[in-house]
Every structure is written in structure tokens, then in C-alpha cells.
Amino acid sequence: MKRLALLASSLLCCGLLSAPTGAQSLLKLLPHTAAPQSAPVSQAEDTASRISRLREKQAALLKILQRLEAPDGLASGAPSDATAAELDERHLRIAFSVSLIDRQLADLARLAKVRASRAALDKEIHAWSGLSETPPYPIRLLDRFRAERDNAQQSLTALRARETLVKTFSERTSREVKESEARIRKLTESAERRFGLGASPGHQGWARELSQIQLQTAQIAAATLQTIGELQEAELGVAQDQLQFARRKLELASADYRFSAEEFATINNELDADFSRIEQRRTALAQQQLQRSNNAELAQARLEQLRNRGDTSPQLTEAARSLELANARVEASTYGGEFLRGMADAQRLHRRLWNARYQGLHRDETSDRLEAGEALETVRPFISMWRRGLEQQRTVLDLRLQRLDALLADTSDPLAQKHLIALRNAAEEALPLQRSAYSLLESMEALLVYTDEELGTARKELSASERLDEWQLRLTQWAQAAWNYELMTVEDVIEVDGNKITGKRSITIGKVLAALLAFVAGIIGCLLFARQICRLLISRLGWSDSNARILRRWLLTVEFMVLGIIVLAWARIPLTVFAFLGGAIAIGAGFAMQTLLKNLMSGVMILGERPFRPGDIIEIGGISGTVMDIGIRASTLRDANGIETIVPNASFIEQNLTNWTYSSPRVRFTVRVGVAYGAPVKRVIELLDEAAQRHGLILKDPAPEVIFEDFGADAQVFALHYWLEMGPNVTSRVVASDLRRMIEHTFSEQGIVIAYPQRDVHLDASQPLPVTLVSPVRES
């Protein structure tokens, strides 16, 4: 039984049987002439004689099968100790052999037709002298030859795959034949040793007969596979001839063809007619779906009414079946509507494919060919998606039909069978539309392939200049695509027809680059404008360079802020785009901006109150120096050592500020001198005043003033007070040094001594002073 199942499954996998069957034959019940031959049948053998012999074998097997299928005939010709499994195996092998012979007869008849068609095809090929149409050939003739080529190629591929499968199962069947022959030889030799030549009594003889039946079935299967191989060989020959013939016609037509405007107009008219038919069917199906939906609602109401009354009569079952059938019909209309909607969309794209094909072949411009290629790329994803959708819908319909078939096979109630048949008919309503959708899909796929092939050939024939133009156009298109690439979208208030609505704006690379370029150009314009304003203030209004520089810096700050807002508005980039920073970053930026804003506002207050100006000498926080610059965030001080210190503007507001030149640049300084006692006071005062008057930087008004300050412990102290007008070229320390040098020189000439610390030591002489001699300490 295992060997029989293996053999049957092998033949079923090859698609050789129309229904799974099995057979077993009792060899002794067959006449000698009916025994199947194990020798391979020659291909040259007359088909009619082969059919005649097979019919004789089949008739003998049918007699045995009728005898076994008669009442109590299953054990006919079997020993009494034969098991039921062995009897069933004999019956199955007989039936299997009959089925194999039926298959072989059908294949022989088909083989005769294939050979006849191949002979007719060979005659047509030899008699063919060219196309009946005159060149240039129409594009549809080229498509027909391409379809013939593709169909022949597909048939050839499928036949070669089946040929490989048949060879595999033929080898397996040959092994089965050899194993059966070896088993029969062993059983025969064993019987001869025990009972003599020709004797086969008992169960051992029955086992040998079963083995012979197995051999007979394997031989019939091998002969069937051989016939299938002959049929496939003939079909392969026909497919190869058809492929070569189609290639010849296609090569001839491809040499000179055109897509004329008249043919294009005819195709458009046909597409319009197809689209109109689809729309009419959609309208009719929509009305049908509405009517069926109403019927389903009525059936639902009737069922609910019967359930509410507690009715359990057959009317309730009938109402439930009516509702199920109504829903099935609504679903069938829904599926049909989906198929028609997809076909309507596909027809629009079908027209676009034809337009792209005509544009790519009929026009010579490089841009037209590229546009045609882009049109193909836009259609390709729809075709792929539509195929997946159709396959999913076909799977759903197939599963529903299989479920209904299974229920129908398990049901014996006539009313239930009638209901299931109605459900199956409703489910099959969408099948014609499904087949139409698949036909349109395959037509579009073929058109896409053909157009790709033609445009690719056209591109190969381009000259160098045309290829350069094509690349330039492609680069332009890629640049445009990159320019319009969307980085993000942000919500913004958009005005549509005078109404403001909240919508989304796209932030593209082009907008960002345009904003940057505009901002850079604006910065250059702002710099030029601020520079011109400063020049006018200096030349016309007499402003100082430092004040003009401060104004320029603040003017640029305001200009940049306004420029940023204007550029964002011009590029249609809303300010909400910066919301992507997020809460955490915004908080951190807030803390960082706090000090900056404080210094910025302090700078504004400094410019408004003007507590100091560039060039003023100020002191703050232990730092003193000349104000060199007042910036937006900080100001710069330069001390006497030339070291510049940047002080935040907020420090000038928060701390005490000393401005030595706030209201006037004149500052009083003092030089103190101590002279020895005994020097003429009046002459000292005159000399000090003369020294101050001789110095060129000391102001005459107010005049220097000499003050006799004090009688010191070591000297008479005089103070020379003088005024300086502070400026970039005046250093108080240098002036003080000059005065001291002049005073020292004048006092030396006049014999006036500048006192230094002196001490008088007084000793008590009321008694003699003790004198003690101390010897030096020797080092050990």
C-alpha cells in the first residue's frame, strides 16, 4: 500500500491524473495478451495500433474490475486465508491500472494532435515569406508579435520544468518495476524449491501473485510516463518552433515600425469606450447594491420579528437563510464594485501608459523621452499594488468557495443544498469581473514592459550630444527634486480665499537655502547701510568715531533681527519651526539667555543715561582705565599698563561707578614735597609755582596752587595742586614725574635741601657711662 501511495502521489504531482485513484490486479485473472509490457514503446510505432492494444488491455481489466465489484466478488480468485487489506489492495491496483490506461489513451490522442499541429506549423514556417502588411508596421502588430514571443517563452519554460519533474518520477517508477521483478523472482524460486516448478499453492503463491500485480501496475505507470514524455517532447518542439517563428516576425517588424497619430487616436477611442463601459457597469452595480442592501434590511427585520415572537418553526430557519443569502449578494456586489473601481483607476493609468509610449517614440526631444520614463515610473507602483490587491481578493473568494463546497459535500438536506448552491452562485458573481481585472492588469504589465524595451532601445541609439542633453536634463530634474525635498512640516495659520485656517507648511531644502541666501544678501546690505550712516554722522554732524562705532553696532543688531523676521516671512517659514528645540533645550537656552539679555538691556540703559562715554576715565570694582568701547553685551577698559579689560554692562548698573571725566575732563592732582627746616618758605612756594607754570600740560585756569601744609617731624611739607585736562595723550603719572624732576633740579640750583627722615639722640650725662669690653666668641 505504501508503494501504491508513493506511485500515485508521484503521478498526481506531475498533474497526470484528473482524480486520485489506485488499483491492484490479479495477474492470473488476465489473459496473457492483456499483460502490460515492460519494454518501452518506440516513438515511431503507429499510434493507432498502440491505442488498439491499450483498449484491449483496458477491456480485460474492466472485466476483472466488474467481477471484483460484484456482490461478494472482492474475494474472487483469492485463497481463503487472504486478508481484507490484501483484497482491498488488489481492487485498488486494478482500478488504478484502468485509470492509468485512460490517461495514456488521452495522451496518445493529444500526441497525435500535437504532432499534426507541429507538422502544420513547420509547413507554415517554410512557406512564410514575410509579413503581409507594408512597412512601416503599426505598433499593435509589434505588440502582437511580442505577445506571441512571450507566450511561447512561458510555455517553453513551463514544459521544461515539467519535463524535469517527469524524468524524476520516471526514474522512481523504474526502480519500482525492478524491485517488483526481483520480489517475483524470489517468490518463484522459493515456490519451486518447495512444490516444484509451476506450483504455487497456499499463501506463498498468493503473495507472488500480488507481487505480479504490483509489477503490472508499475509497468503500466512507466508506460504512461513514457507516453507523457513523448507528448512533452512534441509540445517542446512546437513551443520552440513557435518561439523561433515569433522571434523572426518580431525581428522583421522591429526593423521598421512607427506609432502613428491615427493609431494613437484609435487606441484612445478604444480606451474611452472601455472606460465608459466600466462606468456604466459601476452605475448599474451601485443601483443593484442599493437594492440588495434594502433587501438585506428587510430580511433582517423579518428575522428579528420571528425571533421576538419566539417562533421556532421552519420559517425562522428560512428567514435566517434568506438573510444570509441577502448579505452574500450584498458582499458580492461590494466585491464587484471594488473590482470595477480598480479597473476604472487602471484605465486612467492605462491611458497614461499609452501617452507615455507615444510621447517617448513619436517625439525627438530629450525632455519628452525623460518625461515618458518618469510617467512609467509613476504607473509601476500602482500596477504592483493592484496585483497584490487582486491576489488577496482572489484568495478570499477561493477560500469562500472552498468552504461552501465542503459544506455542500457534507450536507444531504435538499433545502440546505439549495441554499448552499445559491450562496455559491452569489460568491461566483464577482469572478467574471475578477477575470476582467486580471486581463486588464496583464495588458498593462505587458504594455509597461514593451514601452520600457522601446525607450531603452531609443536611448541606446542616442548621439553623444543627445546623451549630454539627457544628462543635463536629468541633473536639472534631480536638482529640482532636491530643492523641493521636504525636511519637515510645521503648523501655521494659512489664508485660503480670505479665510484664515490652521494648516501645515512644508519646510523644504529650497526654502532653507533661499532664506540663507537672502539672509546673507541682507547682511551685506545692512553692513553697507550702517557704514554709510556712520560716515554721514561723522562728516555732517561731527560725531566722534567711537560714538559712531557704537551706534553702528546697535543699528546692525536691530537690522539683523528685523532682517531675520523678514526673511522667514518671505520664505514662508513660520517661527513655529523653532519649536522643535523642545522643552529641555528651550529651558537651557532660557537660562543662558538670561545673563545675555540682562547685559543687553544694561547696554541700552548705558546708551540712554550715558554715565560714561568712550574716552572717559572711570573706575569700577577696583578696575580703572579709559573707556575704549561700549558694546552690546560688554564694554572695554584700558588701564595705564595698556591692558584691556572687558566688563559686562550689567556691572556698570549694579555697582558704584566713578567717572573722572563725567562732566568735565579737568582733574586736579597733587604733588607733595618736604624741605628741610631752615629753608626759606616764601622762596620754596615761588619755585614750586614756577615749576608748575613751566609745564605745558598743566592748565593755567584754574591756576596751580601751592599750599604750606604742615610742619612735619622731619621736614616742612608743601603741596602743589594743579589741573590737567584728561585725554588720550595725557597721563597723570607722567606729568607728576615731570614736576618732581623739575622741582628737584630747581631746588638743587637754589641750595634748598629736600628733607629726609632725621633723628636726634640725647644721652643722660648725670653719671659716668659704664664701658664693658667683650671678647669675641671663639668658634669651637
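User: Let's begin on the surface. Which residues form a nonpolar patch there?
Analyst: This is a predicted model. In it, the nonpolar patch is made of Ile538, Leu541, Trp543 and Leu551. Together they have about 340 Å² of accessible area.

User: Where does Leu551 sit?
Analyst: In helix H13, which covers residues 545-570.

User: Ok, zoom out. How many helices and strands does the protein chain have?
Analyst: There are 17 helices and 12 strands.

User: What share of the residues is buried?
Analyst: 37% of the 780 residues in the protein chain count as buried.

User: Now the sheets. What is the strand order in the five-strand one?
Analyst: The order is E8-E7-E6-E5-E9. The sheet is open, and its strands pair in the antiparallel sense. Strand E8 (644-648) and strand E9 (657-659) are the edges, each pairing on one side only.

User: By how much are neighbouring strands turned in that sheet?
Analyst: By 40° on average, with direction ignored.

User: Which strands pair with E7, then?
Analyst: E6 is one of them. Strand E6 (residues 623-630) is joined to E7 by four bridges. Val627 stands opposite Leu637 in E7. The two strands form a hairpin, with three residues between them.

User: And on the E8 side?
Analyst: E7 and E8 pair over five bridges, again in the antiparallel sense. Here Leu637 has Thr645 in E8 as its bridge partner.

User: What is in the turn between E7 and E8?
Analyst: Five residues lie between the two strands of this hairpin. Gly642 is in the turn and has a positive phi of about 80°.

User: Why is E7 called largely enclosed?
Analyst: Because four of the five residues of strand E7 (residues 634-638) are buried.

User: How many bridges join E5 to E9?
Analyst: Three, and the strands run antiparallel. E5 spans residues 617-620. Glu619 stands opposite Thr658 in E9.

User: Next, the three-strand sheet. What is its order?
Analyst: E10-E12-E11, in an open sheet with antiparallel pairing. Strand E10 (666-675) and strand E11 (705-711) are at the edges. Neighbouring strands here are turned by 25° against each other on average, direction ignored.

User: How many bridges are there between E11 and E12?
Analyst: Six bridges join E11 to strand E12 (residues 716-725). Ile707 stands opposite Ala719 in E12.

User: Which helix packs on that sheet and touches E10, E11 and E12?
Analyst: Helix H16, residues 681-694. Its direction makes about 20° with that of E12. Helix H17 (residues 732-750) lies across E10 and E12. H17 runs at about 135° to E12.

User: Where is Lys700?
Analyst: In the loop between H16 and E11. Lys700 is partly exposed, with a relative accessible area of 46%.

User: What does Lys700 touch, leaving aside neighbours within four places in sequence?
Analyst: Lys700 is in contact with Gln693 and His695.

User: How far apart are Lys700 and Trp723?
Analyst: In sequence, 23 residues. In space, 8.1 Å from C-alpha to C-alpha.

User: Last topic. Is Gln434 buried or exposed?
Analyst: Buried. Its relative accessibility is 5%, so Gln434 is under the 20% cut-off. Gln434 is found in helix H10 (residues 431-460).

User: What is Gln434 in contact with, beyond its neighbours within four places in sequence?
Analyst: Its contacts are Phe339, Leu390, Gln393, Arg394 and Leu397.

Notes:
Residues are numbered from 1 along each chain as its sequence is written. This is a predicted model: local features need pLDDT of at least 70, side-chain atom pairs count only at pLDDT 80 or more; totals for chains, interfaces and linings use all residues. Side-chain values use heavy atoms; hydrogens and water are left out. Two strands pair if DSSP finds at least two bridges between them. Axes are lines fitted to C-alpha atoms, for helices over the stretch in contact, and angles run from 0 to 180 degrees between N-to-C directions. Contact means heavy atoms within 4.5 Å. Patches are made of residues with over 30% relative accessible area and no salt bridge: like charges are joined within 9 Å, nonpolar side chains (Val, Leu, Ile, Met, Phe, Trp, Tyr) within 5 Å. Accessible areas come from the Shrake-Rupley method with a 1.4 Å probe; for residues, only the protein chains shown count as cover. A salt bridge is a side-chain nitrogen of Lys or Arg within 4 Å of a carboxyl oxygen of Asp or Glu. Buried means under 20% relative accessible area, exposed over 50%, partly exposed in between (1.4 Å probe, protein chains only).
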